[in-house]
Amino acid sequence: MDNGAWGHRMTTPVTLNVGGHLYTTSLSTLQRYPDSMLGAMFRGDFPTTRDSQGNYFIDRDGTLFRYILNFLRTSELTLPMDFTETDLLRKEADFYQIQPLIQCLNDPKPLYPPDIFEQVVELSSTRKLSKYSNPVAVIITQLTITTKVHALLEGISNNFTKWNKHMMDTRDCQVSFTFGPCDYHQEVSLRVHLMDYIMKQGFTIRNTRVHHMSERANENTVEHHWTFCRPAHKVED
């Protein structure tokens, strides 16, 4: 294989199904640490499993894999300040045998100075798809924003008045806004405007993920998730 063909192979997108969550990355990212399980897996050292769509399948925690993949991309461990699943993530790092990540988890360093913390906003899109229409039809959609940053939710409430929405309290003092149900085109338009509004408040996208579920015989549910973060100064009591 010449250098050009090898370089193309290393940058070709690869889609993984990790516990029902789909992630797309490059072969070079997955092989960043050759001695890891993923390095060996995509070097052909042991057999791989595919799902029904032809994606590589790994039967592990799909939600936590986003932190594994981000570490492979940047060689830095970046976790939300309110992250509470370090022990589980340590087990995932041990499974994938990514030694630098294992070292980071065993000797964590603060992400920010003591007077800085991280504010987090979660945006999710839920779409129900008909299994029997061709092409596939979107039956219903809705968008949900969840955060502890109440000022952001207040701004969204004041700036997106034409959309049907309801608010509910969730665990850990978080509040959620749900928009919809609405049709596919409305959801796309609203999502673009919401993401633009959130980023104008100083948030940046930390990661994204997709989760496919099958609930009923005639429809599938697809969830897209975006996590936004920004640093903020702690306020003394």
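The legends below describe close-up views of helix packing and salt bridges in a predicted model.

Local features in this predicted model need pLDDT of at least 70 and side-chain atom pairs count only at pLDDT 80 or more, while totals for chains, interfaces and linings use all residues. Residues are numbered from 1 along each chain as its sequence is written, and side-chain values use heavy atoms, with hydrogens and water left out.

**View 1. Packing of helix α4 on helix α5.**
Helix α4 (residues 65-74) packs against helix α5 (residues 86-96) at an angle of about 55°, and their axes are 10 Å apart; helices are DSSP runs of H or I with at least four residues, numbered from the N terminus. Axes are lines fitted to C-alpha atoms, for helices over the stretch in contact, and angles run from 0 to 180 degrees between N-to-C directions. The angle makes α4 oblique to α5, given that angles under 35 degrees count as roughly parallel, over 145 as roughly antiparallel, 65 to 115 as roughly perpendicular and the rest as oblique. On the α4 side the contact (heavy atoms within 4.5 Å) is made by Phe 65, Tyr 67 and Ile 68, and on the α5 side by Leu 89, Glu 92, Ala 93 and Tyr 96. These contact residues divide into six nonpolar, no polar and one charged, where Ala, Val, Leu, Ile, Met, Phe, Trp, Tyr, Cys and Pro count as nonpolar, Asp, Glu, Lys and Arg as charged, and the others, Gly among them, as polar.

Helix α4 is mostly covered, with eight of its ten residues buried; buried means under 20% relative accessible area, exposed over 50% and partly exposed in between, with a 1.4 Å probe and protein chains only. The buried residues include Phe 65, Tyr 67 and Ile 68, as well as Arg 66 and Asn 70. After α4 comes Ser 75, whose phi is positive, near 60°.

**View 2. Packing of helix α5 on helix α6.**
Helix α5 and helix α6 (residues 99-106) pack at an angle of about 160°, with their axes 9 Å apart, and the two are therefore roughly antiparallel to each other. In this contact Thr 86, Leu 89, Arg 90, Ala 93 and Asp 94 of α5 meet Leu 101, Ile 102, Leu 105 and Asn 106 of α6. The contact residues divide into five nonpolar, two polar and two charged.

The side chains of Asp 87 and Arg 90 meet in a salt bridge at 2.8 Å, N to O, the term being used for a side-chain nitrogen of Lys or Arg within 4 Å of a carboxyl oxygen of Asp or Glu. Both residues lie in α5, three residues apart, about one turn of the helix. Asp 87 counts as exposed at 56% relative accessibility, whereas Arg 90 counts as partly exposed at 26%.

**View 3. Further salt bridges.**
A search of the whole structure finds six salt bridges. One of them joins Arg 43 to Asp 45, with the closest N and O atoms 2.7 Å apart; Arg 43 is partly exposed, with a relative accessible area of 43%, and Asp 45 is partly exposed at 49%. Lys 200 forms another with Asp 196, the closest N and O atoms being 3.2 Å apart, and both lie in helix α8 (residues 184-200), four residues apart, about one turn of the helix. Lys 200 counts as exposed at 63% relative accessibility, while Asp 196 counts as partly exposed at 39%. Salt bridges that share partners also join Arg 127, Glu 187 and Arg 191 into one network.
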